[in-house]
Amino acid sequence: MIISGKELSATLKAQMAETVATFPEKYGRVPHLVVILVGNDPGSVSYVTGKVKACEATGIKNTTIRKPETITEDELLALIRELNEDDSVDGILVQLPLPKHISEAKVIETISKEKDVDGFHPLNVAALWQKQPCTVACTPKGIIRLLKAAGVQIAGKRAVVIGRSNIVGLPVAKLLLDENATVTIAHSRTADLASVTHSAEILVVAIGKPRFVTADMVSEGAAVIDVGVNRDPQTGKLCGDVDFEAIEPKASVITPVPGGVGPMTICCLMENTIECFLRRQ
Ligand code: NAP
């Protein structure tokens, strides 16, 4: 079974739109997300366009602030502080990656925890690991949603996550653990990766290498979540980290690229914006 993040996210966004439509009467306004885009990187421009469209679909107010690549770190941090103080703003997102002269860590730390819709702020990350209320990073949150919507039972299962980034691998491993899976985290130094992935009843792959996971690495009946977004070196088309065509017949469920985890990430960004708005009421 192919799990369509596109379909699930469309359903969830329609539900959110209904909820947001009730906010003007209840709270006098709708949630407001501000996205800061530095420079003209085509990938970043396309991601921001997707976020604007999702805001439009859910009725969330969106402001995109575009800044040239020459903006200094101080100027960007000052802009974020201004938005932190602005009562009409509920969520702030700075599109990554940033030019080399700007510290991403400083940018992430400067966005107030209450408006950190990405869930990257150290206080949100710490709260996640301490099981405290927090904003959960969008991609890991979307992955758990996809698994649950596909009817995959997580509790008691052996889950393997390949990748240990702060954005995907580590938080998704933590969320799977919180759902009572037994979790193994694999990475570039893992010896005999195939023997590890073979044990997986749930396999989440977040590496960033086209078709890296081959059919011989996956056990029959595994639920496979492909987070990777890559360009196929031969065709130039988008592809994931797993060899979809070869693995699909073996997997119980599998996400496609594009149309799997990606749409769920944006959908969960909308959800996080609404949550930040409601916490501030
Ligand atoms: P990242 O920070 O580069 O992390 C990649 C991880 O893969 C690292 O932990 C690395 O291990 C591991 N790795 C690299 N080569 C490996 C190998 N040969 N065997 C096993 N593990 C290996 O990347 P990321 O930010 O997590 O993103 C991963 C992918 O997901 C990218 O393609 C990205 O574009 C995509 N992504 C998609 C979405 C979405 O919404 N669909 C969101 C975010 C990211 P070490 O730690 O040992 O270096």
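In which loop does Pro258 lie? Pro258 lies in the loop between β10 (253-254) and α11, where helices (H or I, at least four residues) and strands (E, at least two) are DSSP runs numbered from the N terminus. The model is predicted, so local features need pLDDT of at least 70 and side-chain atom pairs count only at pLDDT 80 or more, while totals for chains, interfaces and linings use all residues. Residues are numbered from 1 along each chain as its sequence is written, and side-chain values use heavy atoms, with hydrogens and water left out.

**Backbone geometry**

The peptide bond from Val257 to Pro258 is cis, with omega near 0°. The bond from Leu96 to Pro97 is also cis, with omega near 0°; Pro97 is found in the loop between β3 (91-94) and α5 (104-110). Lys131 has a phi near 55°, a positive value in a residue other than glycine, and is placed in the loop between α6 (122-129) and α7 (138-149). Most residues other than glycine have a negative phi, and most peptide bonds are trans.

The ligand is surrounded by 20 residues, the closest being Arg164, Ser165, Ser188, Val229 and Thr265; a residue counts as near if one of its heavy atoms lies within 4 Å.

| Residue and atom | Ligand atom | Distance |
|---|---|---|
| His187, backbone N or O | nitrogen | 3.5 Å |
| Ser188, polar side-chain atom | oxygen | 2.5 Å |
| Lys209, polar side-chain atom | nitrogen | 3.1 Å |

Taken alone, the ligand exposes 930 Å², of which the protein buries 71%; these accessible areas come from the Shrake-Rupley method with a 1.4 Å probe. By class, the shell holds 8 nonpolar, 10 polar and 2 charged residues, with Asp, Glu, Lys and Arg counted as charged and Gly among the polar ones. Helix α11 (residues 261-279) supplies the largest share of this shell, 3 residues.

**Aromatic pairs**

A search of the whole structure finds 3 aromatic pairs, that is, rings of Phe, Tyr or Trp (its six-membered ring) whose centres lie within 6.5 Å. One of them, formed by Phe23 and Phe277, is stacked, at 5.0 Å centre to centre and 25° between the planes; planes under 30 degrees apart count as stacked. Phe23 lies in helix α2 (residues 23-27) and Phe277 in helix α11, so the pair ties together parts that are 254 residues apart in sequence.

Note on methods
A polar contact is a pair of N or O atoms within 3.5 Å; within protein, one must be able to donate a hydrogen and the other to accept it, and residues adjacent in sequence count only if both atoms are side-chain atoms. Rings of Phe, Tyr and Trp (its six-membered ring) pair if their centres lie within 6.5 Å; planes under 30 degrees apart count as stacked, over 60 as edge-to-face and the rest as tilted.
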